[in-house]
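Morning, everyone. Let me put the model up, and then we'll walk through it.

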Amino acid sequence: MHIRIAMLGYGKVARALARLLLRKTDTLRQEYDLTFDVTGIATRSRGSAIDPAGLDLEEALRLVDSGDRLDALHQGPPVADTLEFIAACPTDVIMEATWLNPQTGQPATDYVRAALQAGRHVVTANKGPVAYAYRELSALARQNNCGFFFESTVMDGAPVLGIGREALLATTVNRIRGILNSTTNLVLTGLEEGLTFDAAVASAQAVGVAEANPSNDLEGWDAAVKIVVLANVLMGADLRPQDVDRVGITDITGEDIKAAIAEKGRIKLICEAVREGDLVRASVRPIWLPLSDPLCHVSRTSSAVTLETDTLHHLTLVEGDTDPTTTAYGMLVDMLNIVRGRFD
Ligand SMILES: NC(=O)c1ccc[n+]([C@@H]2O[C@H](COP(=O)([O-])OP(=O)(O)OC[C@H]3O[C@@H](n4cnc5c(N)ncnc54)[C@H](OP(=O)(O)O)[C@@H]3O)[C@@H](O)[C@H]2O)c1
């Protein structure tokens with residue numbers, strides 16, 4: 001089988017995906033009888049390029065890595081913006097890795113909607129469309145016989161959603177608890193190591209984990225969006241990030257951390273979704289955990305989730321050493337599952 005791939009965004013994740021596709025080209029052909037062309041790439045400030053015959057992916061990487069624009073690779077009439085790109089690009093699957101607005105989920109939700117309406121399969125690493133429009137977009141995908149997969153939205157490439165979809169059959173998930181935000185976990189680890197709050201944030205920025213403006217992480221927005229994705233997809237909830245009872249870590253002090261350690265535990269920013277009758281309630285808040293809790297030992301940039309279900313009582317998945325390539329890997333797996341028709 002041959003598929004045409006278009007990429008929305010060509011930042012850290014999408015470029016890691018481009019490199020992974022190049023690295024896995026032989027594996028895809030040998031193990032899945034799959035060949036591919038990348039027929040288009042759209043960015044916000046680096047231009048966009050469409051070539052129905054397939055772009056030179058290595059040249060696209062070279063251009064963007066060296067600060068140049070992609071327009072030199074474009075064939076055909078110009079496209080004015082990303083929605084026009086989606087309409088114009090001849091492709092089978094759109095790999096969406098644009099910017100996340102945790103308060104609105106836009107503009108990525110509009111991009112995913114437009115792609116599905118045009119009959120394209122969609123893989124996204126962007127939590128926004130899933131947290132704000134999961135039911136609508138998954139219904140639209142079903143209507144158009146398209147795949148809509150988003151493994152990389154939570155815990156990067158770790159298969160937490162895949163486990164839910166493929167392995168937790170005939171099971172009710174009653175509770176989800178997780179450590180899902182790297183920046184806050186790294187800052188809390190920094191406080192345990194004796195740094196001040198500001199120094200811990202600066203250190204997380206210096207290693208490229210925290211953004212220049214880390215407020216979405218520190219105030220718990222990113223974590224809230226992630227627990228909404230898990231609750232809506234694995235528990236059948238219909239929450240939005242604004243429904244989450246959300247407290248970030250900005251008020252946590254070194255003294256709090258010392259007191260937690262003296263009590264033989266740690267403070268962690270815990271995302272939680274709990275089934276209460278017909279309702280699912282979600283929260284994000286710093287909580288003292290005893291050392292006996294597996295989540296207590298998840299430090300630095302690792303993340304973890306514990307599922308409590310009516311069949312498997314406690315299932316914990318821990319992921320360490322994440323980077324854009326691990327996120328790209330989740331997108332690659334989603335694409336393969338779509339190609340294998342695993343989306344109905
Ligand atoms: N980094 C990770 O490890 C990670 C992990 C899990 C999920 N994610 C999610 O993956 C997505 C991408 O993350 P990233 O780290 O790759 O971000 P990034 O490096 O900031 O890249 C974002 C890309 O999206 C492009 N973009 C922004 N608005 C656009 C628009 N309106 N139309 C077309 N392109 C647009 C940007 O274009 P310019 O280059 O012109 O600005 C850039 O190429 C985000 O939703 C993020 O939450 C990231």
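First, the ground rules. This is a predicted model, where local features need pLDDT of at least 70, side-chain atom pairs count only at pLDDT 80 or more, and totals for chains, interfaces and linings use all residues. Residues are numbered from 1 along each chain as its sequence is written, and side-chain values use heavy atoms, with hydrogens and water left out.

Helices here are DSSP runs of H or I with at least four residues, strands are runs of E with at least two, and both are numbered from the N terminus.

Start with α5, residues 108–117, and α6, residues 127–143. Their axes, lines fitted to C-alpha atoms over the stretch in contact, come within 10 Å and cross at roughly 15°. Angles run from 0 to 180 degrees between N-to-C directions. So α5 is roughly parallel to α6, a label for angles under 35 degrees.

Who makes the contact, meaning heavy atoms within 4.5 Å? From α5: A108, T109, V112, R113, L116 and Q117. From α6: G128, P129, A133, E136, L137, L140 and A141.

Next, α7, residues 160–167. Its buried residues, those under 20% relative accessible area with a 1.4 Å probe and protein chains only, are V160, L161, G162 and G164. Their cover includes α11 (221–234), β11 (303–309) and β12 (315–319).

Last, M7. It sits in strand β1, residues 2–8. M7 counts as buried because its relative accessibility is 0%. Leaving out residues up to four places away in sequence, M7 touches A14, L17, A18, L21, V38, G40, I41, A42, F85 and M95. P294 is 287 residues from M7 along the chain, and their C-alpha atoms are separated by 37 Å.

Key: Angles under 35 degrees count as roughly parallel, over 145 as roughly antiparallel, 65 to 115 as roughly perpendicular and the rest as oblique. Contact means heavy atoms within 4.5 Å. Buried means under 20% relative accessible area, exposed over 50%, partly exposed in between (1.4 Å probe, protein chains only).
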